[in-house]
Amino acid sequence: MRNWRCVFSMVVYFAFCFSIEAYKFQRTQQTERISGSAGDVLEDDPVGRLKVFVYELPSKYNKKILQKDPRCLTHMFAAEIYMHRFLLSSPVRTLNPEEADWFYTPVYTTCDLTPNGLPLPFKSPRMMRSAIQLISSNWPYWNRTEGADHFFIVPHDFGACFHYQEEKAIERGILTLLQRATLVQTFGQRNHFCLKDGSITIPPYAPPQKMQSHLIPPSTPRSIFVYFRGLFYDVGNDPEGGYYARGARASVWENFKNNPLFDISTEHPSTYYEDMQRAVFCLCPLGWAPWSPRLVEAVIFGCIPVIIADDIVLPFADAIPWEDIGVFVPEKDVPKLDTILTSIPIDEILRKQRLLGNPSMKQAMLFPQPVQPRDAFHQILNGLARKLPHDKSVYLKPGETILNWTAGPVGDLKPW
């Protein structure tokens with residue numbers, strides 16, 4: 001039987017340690033510059049390093065869809081909308097396709113929402129195919145490379161596999177017509193069918209203005225040791241349990257629901273953002289997919305992200321030193337989470353907090369309006385610029401084709 005008196009003493013000890021160290025922290029340097037190549041990459045300026053041509057598509061592929069359901073502007077898949085808006089007025093945009101390094105097709109494939117606000121990906125493949133058929137018929141640039149110098153924003157749970165359940169996403173695979181394109185997606189997991197080589201992994205959208213309005217004084221003590229709000233079980237989609245989050249969230253609940261070090265619940269209070277700013281560690285476990293907006297929220301609010309998602313590929317990993325700012329816990333070790341976190345030296349925790357205090361780190365995770373230097377838009381452009389120049393092998397010989405336009409599920413071949 002667990003000795004709760006010892007646990008209570010541990011809580012008191014940590015509260016004492018962090019109150020003393022927080023005082024020292026506030027009296028000294030509050031941020032730390034990211035050292036080495038990561039810091040240099042994070043602060044790169046993409047302007048002048050690439051030119052992007054934006055296809056002008058009929059509004060049924062983007063604006064009309066958004067007019068039908070404005071909720072798309074605030075959900076975690078909204079990067080596809082804001083990237084389009086950014087590029088229309090960006091200095092990297094060119095109106096001359098002959099001088100373009102990259103071609104962008106603005107298709108809002110996640111803006112088909114259920115009454116509860118969740119995106120339905122089932123029409124997305126047909127919609128994407130329709131857009132590609134249009135640009136390949138009306139412009140010559142797709143056909144030169146079959147998309148190898150094109151990029152697409154695909155922020156679904158499993159990217160261009162277009163399904164929210166992993167098993168079915170793997171069964172579908174990446175849409176055939178996107179096999180040669182560069183995919184800009186929130187999903188990232190090593191050695192996975194839904195992540196192709198060369199993809200750019202980005203953060204999910206989290207509303208910058210909303211988070212800004214919930215900031216509390218930075219001197220506020222971090223009196224919560226571990227914080228999490230969200231589902232532990234998805235009874236509707238996984239009634240037997242164990243499949244959702246590969247059982248990791250269920251393990252968090254079963255092992256730590258009564259542990260005073262852990263402030264965890266399914267309830268989502270109005271003080272959610274404020275609570276994260278009062279926490280030392282914020283759990284970022286996988287759900288149906290390995291990623292979630294909690295990762296962005298944790299970084300913005302200076303709460304050390306505890307990443308529980310085996311083989312996850314994190315956003316802008318060449319620019320953000322995730323190993324330095326986060327804690328990685330294998331899914332099988334979730335029952336030992338309390339021991340793992342209480343064993344981290346306070347000096348190491350304070351260094352992670354100083355790095356999280358770096359404004360460039362926070363900015364890279366956001367899609368702000370208006371845009372700001374080094375934000376997520378610019379990090380995407382940096383990722384595209386680093387892929388240049390295109391290898392000559394991407395250009396096809398006259399009459400050569402590689403992609404199979406009739407491959408894929410029969411339902412995807414129906415007109416959209």
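A: Two strands pair if DSSP finds at least two bridges between them, and strands are DSSP E runs of at least two residues, helices H or I runs of at least four, both numbered from the N terminus. This is a predicted model, where local features need pLDDT of at least 70, side-chain atom pairs count only at pLDDT 80 or more, and totals for chains, interfaces and linings use all residues. Residues are numbered from 1 along each chain as its sequence is written, and side-chain values use heavy atoms, with hydrogens and water left out.

Q: OK, so what's the strand order in the open sheet?

A: The order is 1-2-3-4-5, five strands with parallel pairing. Strand 1 (52-54) and strand 5 (200-201) have a single partner strand each, so one side of each lacks a neighbour in the sheet.

Q: How many bridges join strand 1 to strand 2?

A: Three, with strand 2 being residues 102-104. Phenylalanine 53 sits opposite phenylalanine 103 there.

Q: Switching to helices: at what angle do helix 4 and helix 16 cross?

A: Roughly 80°, with the axes of helix 4 (residues 79-88) and helix 16 (residues 376-385) coming within 11 Å. Axes are lines fitted to C-alpha atoms over the stretch in contact, and angles run from 0 to 180 degrees between N-to-C directions.

Q: Which residues make the contact?

A: Tyr82, Met83, Phe86 and Leu87 from helix 4, and Phe377, His378, Ile380 and Leu381 from helix 16. Contact means heavy atoms within 4.5 Å.
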